[in-house]
Amino acid sequence: MTTYKTGNPIGSTNPKDLYDNSQNMDEATNSLNKDYWDDRLGRKRLTWEGMTRLSNLGAAVEAAERAEAAADAAEQVSSMSTYLTKADADAALPQSEGTYIRVTNDPDPANNGYWVSDGSQWIWSGVQPVGRRDVDRINSQIDQKLDRYQFLNEELFWSLVDDEWYATDLTVRKSDGQLAGFVVDRLALRVARRLNPQDLGNVITYPQVAGSNHPVLGSDFYMRDGELLPVLTDMTQIAGWGSSSMFRSNAAFSALAQSMGASYYNGGVSGHQTEQIAARLGSIPALCSFPANTIPAGTEEISIDVPDISWHAGQDYTGIINGVHGRLRYSGGPKFSRTIAGEPAHVEPRTPFLPDDGARNRAAITFLWMGRNDLTGAQDKTESCIKNTDRSFDWLAPLVKRVLVLGHFQGDLTPDSPVWDRIERVNAAHRARYGRLFVDVNAYLISPQIWIDMGVTPTQQDLDQQAVGTTPASLRADGLHLTNAAYQAVVTYCVRARMLELGWI
């Protein structure tokens with residue numbers, strides 16, 4: 001029933017593809033007179049009814065007069081030959097077209113399963129026996145969902161999963177056998193927001209976690225390295241950590257948080273590199289050494305030694321070191337002052353300073369847009385940029401993380417710049433590690449879609465720059481930064497759209 005048939009690859013967020021997927025899902029789950037449906041890429045798939053009929057081929061044979069096609073398939077399966085290896089099966093060729101065989105013990109597990117002859121060779125069959133591993137995996141996902149949600153009026157619960165095991169939860173009502181209302185509303189809203197994401201608010205009532213009206217339960221904790229941490233993300237908090245692009249996007253991220261009923265913490269400081277950002281966050285804390293290994297009794301500011309990070313004028317934050325609260329800042333060198341006078345406190349060399357803001361926002365929905373300043377100097381810091389970002393992601397508290405890593409854009413650079421290659425390498429590493437949790441900002445900025453989203457007509461210079469991968473001049477405030485309107489587009493059509501895709505909104 002595919003309407004638009006764009007041919008776009010898997011993972012497309014084009015509204016036409018979302019429409020086709022929704023239409024096809026309806027046919028796949030609700031059709032009672034079709035065994036197959038064609039997906040938007042033209043591939044033939046079994047409907048739910050078709051899977052039901054094929055799940056018991058013996059029953060299909062007994063009902064041959066009512067399901068001739070199923071009976072034919074059952075006859076093929078019952079009479080198929082079995083071969084130990086694919087090579088054994090190939091040696092038996094040629095076979096009549098439509099002949100089914102099964103390979104059971106090939107050294108390559110990918111060859112084990114059903115094959116069908118096209119008259120000259122074996123073709124991998126679209127119908128395969130379900131493996132125990134597949135059943136266990138699906139059952140595990142369903143059990144986890146049933147444990148978390150209370151479905152008082154739903155008789156059946158299951159999930160449709162893609163090739164990366166991202167699940168779309170589905171339920172059927174006892175009363176009429178139709179999809180539960182919250183499922184229909186959620187799918188409809190996801191499509192609608194891609195069409196015009198600025199017009200719709202949060203209008204879905206989601207099933208609540210058992211025992212609470214809040215998505216995070218105070219009793220849900222886990223132990224990591226001797227520290228008790230929350231299992232789930234705190235949906236009432238959003239935090240962004242990075243340098244100038246994060247700082248300049250404050251208005252857009254704040255509006256996004258407000259639309260979700262959440263607070264927003266802007267951890268962007270212009271000029272900071274990943275080591276300085278990670279120190280403010282607390283993922284790689286500053287290791288401090290004090291004169292005479294002692295924190296003075298008074299509140300006067302003293303010079304200390306913090307040798308492992310390069311200091312920057314914007315480094316100024318509060319936290320705790322060895323139980324003493326104070327302020328760590330840069331002023332001609334690293335300085336410390338305690339908040340309240342007290343007894344002198346002994347402190348070992350290289351003791352970590354644990355920042356307040358990082359601890360307060362450790363369980364928040366988090367955006368990491370960090371590392372661009374690591375890549376611009378004479379020294380190649382590509383590997384440390386990647387490592388520090390990864391350590392920051394891993395340090396964040398929730399076991400079920402809701403963290404997006406934003407990629408870097410090229411600005412006014414051209415491909416002959418060494419910085420260009422560093423940016424490409426960092427983006428590639430983040431893309432490989434984080435998958436859908438990576439937001440490819442650069443790809444969006446050099447795509448035709450951004451002009452449509454912003455309602456701007458590009459100049460010829462813009463199009464020429466996009467063709468080589470340079471950020472178009474009309475989107476830049478200077479060589480390194482975007483205009484406010486471009487930052488707003490990134491937040492709305494990249495970050496917010498990805499959160500919607502992942503079901504976070």
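**A walk through the predicted fold**

Of the 505 residues in the protein chain, 43% are buried (under 20% relative accessible area with a 1.4 Å probe, protein chains only). This is a predicted model, in which local features need pLDDT of at least 70 and side-chain atom pairs count only at pLDDT 80 or more, while totals for chains, interfaces and linings use all residues. Residues are numbered from 1 along each chain as its sequence is written, and side-chain values use heavy atoms, with hydrogens and water left out.

Let's start with the overall make-up. The protein chain has 17 helices and 23 strands, taken as DSSP runs numbered from the N terminus (helices H or I, at least four residues; strands E, at least two). Among contacts (heavy atoms within 4.5 Å) with a separation of 6 or more, 57% join residues 24 or more positions apart.

Leaving aside neighbours within four places in sequence, Met499 touches Leu256, Met260, Ile365, Phe367, Leu404, Trp504 and Ile505.

The contact between H10 and H12 is made by Thr274, Glu275, Ala278 and Leu281 of H10 and by Ser384, Cys385, Asn388, Thr389, Ser392 and Trp395 of H12.

Conventions
Buried means under 20% relative accessible area, exposed over 50%, partly exposed in between (1.4 Å probe, protein chains only).
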